[in-house]
Amino acid sequence: MSDVSNSDAALRLSAVGKNYGRIRALDGLDLVVPSGSVFGLVGPNGAGKTTTFSIACGWLRADQGTVDLLNGGAFDAVRHRGRVTALPQDSALGRDMTVVEQLTYLGRLQGLGAKATRSEVERILTLVKLTDRAGDRVRTLSHGMLRRVGIGQAFLGNPELVLLDEPTNGLDPRQAHSIREFVAAQRGTRTIVISSHNLHEIETVCDHVALIDRGRVVMAGPISTVTGRNGEVRIALGDGPVPLEETRMALSGDAVEWDQVARVLTLRFIEKPGRAAEDVTGSALRALLAGGARISSVSRGQSLERKYLDLPAGRPPPLPGDRTET
Ligand code: ATP
């Protein structure tokens, strides 16, 4: 978990449990979302991401554990009004309203005045590139356009925390890219939590991530830590010599592993002054080239996807009534 104090967390869930009948959706989930972060929530289908969002927004109540939203306890319609917004997974919009009417209605619900709502709606329509469809009825929009209205409404006003459940699901690549750029541009202005199955997207847009599996957080932290960007370099070699001993000597003290099948050399080290990833990579490459190796590629850390795929498959969560703690 990220090591942040209470006051630095925009959202904190501690030991949260949630059952739907006999289904244990959340099983003691601990999650800390640092204030100001762009935080990715990833996990397989049914891991509990949407349930986590729903509890954070106050749409569902936790059966066990505590929730603290913006240092104001669990969601409270008065205390948190206008401060927390969400794009639900299957956002339902008023189909017979026009896009402008829909956004205006949601802006007013957020507590914005009539004038502020008008300028906010204009700003949002521009941001999500729907100005030309402003007067059209919601039911005439494509799936991707509906998604963009949903994303836009989540940024109306000045929310401190925005929860986006699979924001780019169903968008064409260009639109998905523009939404990613839009979200990335919001960095530092507010806290944003994104759930997505697109790990490349999470890696590109987010600075923190939590991997959820079977209702529990199994790994969390800054993306660079989770993927080992600051302590791992992988060098793929083409056919030819593998001067392993020379490389090990050049990197005295750092771990050097050679994967014969993948032909990948993995260097693991602890960064310190004068021993940054660049320094370690430079020493290794010099030794490799001097020994006649042919370099195919160099990369830092593992991709989030690799990290995710390497996680051991867990056991199914216990059903209520037959809990056997490990
Ligand atoms: P996905 O990636 O498929 O959207 P998720 O990580 O968002 O999944 P949840 O939707 O939170 O997962 O579901 C967690 C578990 O709770 C699943 O086993 C799911 O079947 C169950 N569940 C979710 N909503 C309900 C519900 N309303 N009634 C019964 N079970 C539910």
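Does Gly113 count as buried, exposed or partly exposed, and at what relative accessibility?

1. Gly113 counts as partly exposed, because its relative accessibility is 37%. The cut-offs are under 20% relative accessible area for buried, over 50% for exposed, and partly exposed in between, with a 1.4 Å probe and protein chains only. Gly113 lies in the loop between α2 and α3. Helices here are DSSP runs of H or I with at least four residues, strands are runs of E with at least two, and both are numbered from the N terminus.

2. A note on the basis. This is a predicted model, in which local features need pLDDT of at least 70 and side-chain atom pairs count only at pLDDT 80 or more, while totals for chains, interfaces and linings use all residues. Residues are numbered from 1 along each chain as its sequence is written, and side-chain values use heavy atoms, with hydrogens and water left out.

3. The chain is assigned domain 1 (6-224) and domain 2 (232-301). These bounds come from an automatic or database domain assignment. Taken over C-alpha atoms, the two domain centres are 41 Å apart.

4. Helix α1 covers residues 49-57, and eight of its nine residues are buried. Among them are Lys49, Phe53, Ile55 and Cys57.

5. Helix α4 (residues 143-154) spans 17 Å from first C-alpha to last, close to the expected 16 Å. The expected span is 1.5 Å times one less than the number of residues. Nine of the twelve residues are buried, so α4 is largely enclosed by the rest of the structure. The buried set includes Arg147, Arg148, Val149 and Ile151. Their cover includes β5 (84-87), α2 (99-109), α3 (114-127), β6 (161-165) and α5 (173-185).

6. Gln302 sits in the loop between β13 (295-300) and α10 (304-310). Gln302 is buried, at 13% relative accessible area. Leaving out residues up to four places away in sequence, Gln302 touches Glu203, Thr227, Glu232, Arg234, Lys307 and Asp310. Contact means heavy atoms within 4.5 Å.

7. Val298 belongs to strand β13. Val298 is partly exposed, at 41% relative accessibility. With Leu289 and Ile295, Val298 makes a nonpolar surface patch of about 240 Å². Patch residues have over 30% relative accessible area and no salt bridge; like charges are joined within 9 Å, and nonpolar side chains (Val, Leu, Ile, Met, Phe, Trp, Tyr) within 5 Å. A salt bridge puts a side-chain nitrogen of Lys or Arg within 4 Å of a carboxyl oxygen of Asp or Glu.

Key
Accessible areas come from the Shrake-Rupley method with a 1.4 Å probe; for residues, only the protein chains shown count as cover.
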